[in-house]
Every structure is written in C-alpha cells, then in structure tokens.
Amino acid sequence: MELAAAAGLDPAEGRQLWRSLGFPEAPDDAVLFTDNDLAAARMMTGLTDAGFLDIDVREATARSMSRLADWQVGMLKRLIEADGTSTSPSEALRVARTVLPALEELQSYVWRRHLAATVARMLVTAGPDEPECLLVGFADMVGFTRATRRRSTAELAGMIEQFGSSTTEVIADGKGRIVKTIGDEVLFVADDVGDGAAIALALQERVRAEPTLPPLRIGLATGPVLVRYGDVYGEVVNIAARLTGHARPDTVLVDREAAEALAVDPRFALRPLRPVAVPGYRHLHPWVLEHA
C-alpha cells in the first residue's frame, strides 16, 4: 500500500488502521486515497505511537462518525425533498456544498462544549476505567414493533424523530445525559439519583402529551458503572434493562438501591412490588416510582 508506506506504516498495520476506522479493505492497486488521507494516517500514527490513540479508541470513533455521517446524509436528503427540487446528483451536490461546511463548524462547536462538560465531570468523579456511581435509566416505547406494521414510513420516521427530540430535551433539562438511542429505546444516566428519578417521571409526562407517541415503560437502577468510550457497562445497567422489560406501560420501576436513596426525597412516592424472576436475577425487588 503506497499510503501505508508514505505514512510510515507497514502494509499490515495500514490495513488494520483502515479497517479500524470502519472502512472495507481496499485493493493494493486501487486509486482511492488523497493527500488528506495521507495526512490523517500520519496524524493517527503519531497519536498511536504517543499512546493517545489505541485501536479501541479508533473503532469507537469510527462507529460514532459513521452514524453521524448517515444521519447528516439522511437530513440532506429530506432537506432536498422538502424543498420540492430535483434530487439529481448535481442538485444534491449544490445543497451539500452549502450546508455541510456549516454542519462541520456546528459539529466542532458542539463537540468542544461537550468535551468541556465531560472534563469538568471527570475532575470530581472516578479516574479512568474506575466505576462511577450513577443512576442508569432505560425508557422504552411500548408496542413499537406493532406500530411499525401499522404506520407508513413517513409516520414512523416522524414518531422516531419526535421521540428523539422529546427525550433529548427532557433528559438535558433534568441534568442527565443520553448514552445512546436505539430506535424505540433511550439509555440515559444521571449523577444524582433524585435527578434521574425526576427525569423518568418527566419523560412519562412529556410522552403522555404527545399523541403520536405510545406510552413508555422505564427502569432505573443505581450503583457503580463502568463508563468507557461513551457507553456504560456493569450490573446496574443490566438491572435497569431487566426492570424496563418487566414494567407495565406508563410505569417507572426502580431497584432497591434507588428506592432507598429516594425514600427520603419528598418529591417522590414509592410502592414495593413482589420480587420477580428475570434472566440473571432470581429475586429482583422492584419498586414503583410516582410523584408524591
């Protein structure tokens, strides 16, 4: 690979780097790369040699950038279609030249703001690869699979966009953070148990006011969580997911630890349920969370 040689990489390392960024392997004689690719390869090689960029980080970055690119292309397509103009390649290129530079600038701004907020949190939380004590919540739309069969593609897209915008607003206002959204479900965290509980009840109320959205079932659990590459791992995450699957529509369930922490908060009322047997947990004790 000429690119690998120019970047100071052996061919095997160059192929691994390219694949770790989420791209298919290119034939050695393919004319695919530009000076920008060479500059990026040299930059990543330098960061890797300095110990700042390992393969896991590259792959996590690639996944994030791939999803972002898919979202941006879909947004451009909807923008062109909504304008009623031709969707020819030349028209798409014209719109892209106008919109993409602004998106790139906005993307950099938002990233820097979130980077600053993350650094501020790191100053008062656990060190790298050490568990953080967080409230973890799953909010799942009830009957989403049935809804996909009854609604048109446009209606389904509108429902997903409404769910995404509503949950993003409520979680951000409640001092929480979205970890990821997977179609009909959002995974969020909060540093404070009370803030997380308030987010869950606010999500309930917000979705009730949206006629296009089905009700939510929400599960909350609190305890030590491993935060890595923007995702969360650990038993607390598993318990929150199990509670979500067990919750009735329009209900918030919390685990024992969260219930004990919320029992002294006058904003909330808690009602114990019978222990349940769910995969991985034979005696999981759920509590129903409501406004006081």
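Let me begin with a term: a residue counts as buried when its relative accessible area is under 20%, as exposed when that area is over 50%, and as partly exposed in between. On that scale, in what is a predicted model, Arg271 is partly exposed, because its relative accessible area is 41%. Arg271 forms a salt bridge with Glu290, with the closest N and O atoms 3.7 Å apart, and since Arg271 lies in strand S7 and Glu290 in strand S10, the pair ties together parts that are 19 residues apart in sequence. Glu290, at 36% relative accessibility, is likewise partly exposed.

The whole structure holds eight salt bridges. In another of them the side chains of Asp231 and Lys180 meet at 3.0 Å, N to O, and this pair links distant parts of the chain, with Asp231 in strand S5 and Lys180 in strand S2, 51 residues apart. Here Asp231 counts as buried, at 16%, whereas Lys180, at 34%, is partly exposed. There is also a network of salt bridges that links Glu169, Arg206 and Glu210; within it, the closest N and O atoms of Glu210 and Arg206 are 3.5 Å apart.

At the start of H3, a side-chain oxygen of Thr34 comes to within 3.2 Å of the backbone nitrogen of Asn36, and just after the helix Gly51 adopts a positive phi of about 85°.

Note on methods. Residues are numbered from 1 along each chain as its sequence is written. This is a predicted model: local features need pLDDT of at least 70, side-chain atom pairs count only at pLDDT 80 or more; totals for chains, interfaces and linings use all residues. Side-chain values use heavy atoms; hydrogens and water are left out. A polar contact is a pair of N or O atoms within 3.5 Å; within protein, one must be able to donate a hydrogen and the other to accept it, and residues adjacent in sequence count only if both atoms are side-chain atoms. Helices (H or I, at least four residues) and strands (E, at least two) are DSSP runs, numbered from the N terminus. A salt bridge is a side-chain nitrogen of Lys or Arg within 4 Å of a carboxyl oxygen of Asp or Glu. Buried means under 20% relative accessible area, exposed over 50%, partly exposed in between (1.4 Å probe, protein chains only).
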